[in-house]
Amino acid sequence: MKLLRGAVVLLAILAVAIPAVAEELARWDDPVGDDTGDGDYTYPLNEAFGEGGQADILSFAIEKENGSLIFEFTIRNLVDPWNVGNRLTMVAVAIDTEEGGDGELRRNANALLAEPSEYQIFVAGETVEVIDMNAERVDIGASVETNMEKGTIRINVPIDAIDGAAADWRFTAAVGLQDDYGAGGLGDFREVKKVEEEWRGGGGDDLSIDANLYDIIVPEPKKILFLFGGGQRSQEEILGDCSLETGQLVILPALALE
Ligand SMILES: [Ca+2]
Ligand SMILES: [Ca+2]
Ligand SMILES: [Ca+2]
């Protein structure tokens, strides 16, 4: 009896002492200041963008916690110029879980996916939206926590809702600026033009061929070798590899967990 009581007490202590700890599956650090897309993208001129950095990824991590996958972006400069939370930064994660899928990153990203996705997640402010391979919105109970001081955007996606999680899944992480068209909901990636304007970035083109993405996570060399059988491409090469002549959009590489 005494032994049993001791065991009960021990279990109670364990239950209290072990908080839910997120297990980090992978983390990628990203260079500071490479929020220039193909190398010369600039921010819009409106003072809300200040010194820029709203689309500069510092790190991207994938964690597992209590039956959820967590995607954490750390951004150099999350800002709240209108006291309504983060409205300028928009992040996207495309998840490739099986053969086939959507070969284009949506919401005006203007980019193709090397590994077509079954799910795409978009976040700006406190709004998160998930679409499936048919670009149809799906409600899978995803949520987001934004910490303006730390510059973190943590997206929580219940694993069961996306058919479990497997080690061979691929992930594409990209960041741009959000344009909510003044409506306050989740908008699209803000258009990058040839020459920057008050509300449009510059360094791209005026024909909607260039990607409206300022920063991506580039896989490490060995993963590039594995996926493409060739040498490493830089972010500038990847985001610069579109063609006004043929209309070819850029193709974003995907990240592997191992
Ligand atoms: Ca960066
Ligand atoms: Ca797929
Ligand atoms: Ca980058």
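**A friendly note on the strands of this protein**

1. Let's start with one pair of residues: Ile95 stands opposite Phe171 in strand 12. A strand here is a DSSP run of E covering at least two residues, while a helix is a run of H or I covering at least four, and both are numbered from the N terminus. Strand 4 (residues 89-96) and strand 12 are joined by eight bridges and run antiparallel. Two strands count as paired if DSSP finds at least two bridges between them.

2. Before going on, a word about the model. It is predicted, so to speak of a local feature needs pLDDT of at least 70, side-chain atom pairs count only at pLDDT 80 or more, and totals for chains, interfaces and linings use all residues. Residues are numbered from 1 along each chain as its sequence is written, and chains are lettered from A and ligands numbered from 1 in the order in which they are written.

3. Now the overall picture. The protein has three helices and 16 strands. Of the contacts with a separation of 6 or more, 64% are between residues 24 or more positions apart; a contact means C-beta atoms, placed from the backbone, within 7 Å.

4. Why is strand 12 (residues 170-179) described as largely enclosed by the rest of the structure? Because 10 of its 10 residues are buried.

5. Strand 13 (residues 188-189) runs antiparallel to strand 12 and is joined to it by two bridges; here Asp179 has Asp188 as its bridge partner.

6. Which strands form the open sheet with mixed pairing? There are three, in the order 5-6-15. At the edges are strand 5 (102-105) and strand 15 (250-252), each pairing on one side only. From one strand to the next, the twist averages 35°, an angle taken between N-to-C directions on a scale from 0 to 180 degrees, with axes fitted as lines to C-alpha atoms (for helices, over the stretch in contact).

7. Finally, strand 6 (residues 111-117) and strand 15 run parallel, joined by three bridges.

Technical notes. Two residues are in contact if their C-beta atoms, placed from the backbone, lie within 7 Å. A residue is buried if 20 or more other C-beta atoms lie within 10 Å of its own, exposed if 12 or fewer, and partly exposed in between; C-beta atoms are placed from the backbone.
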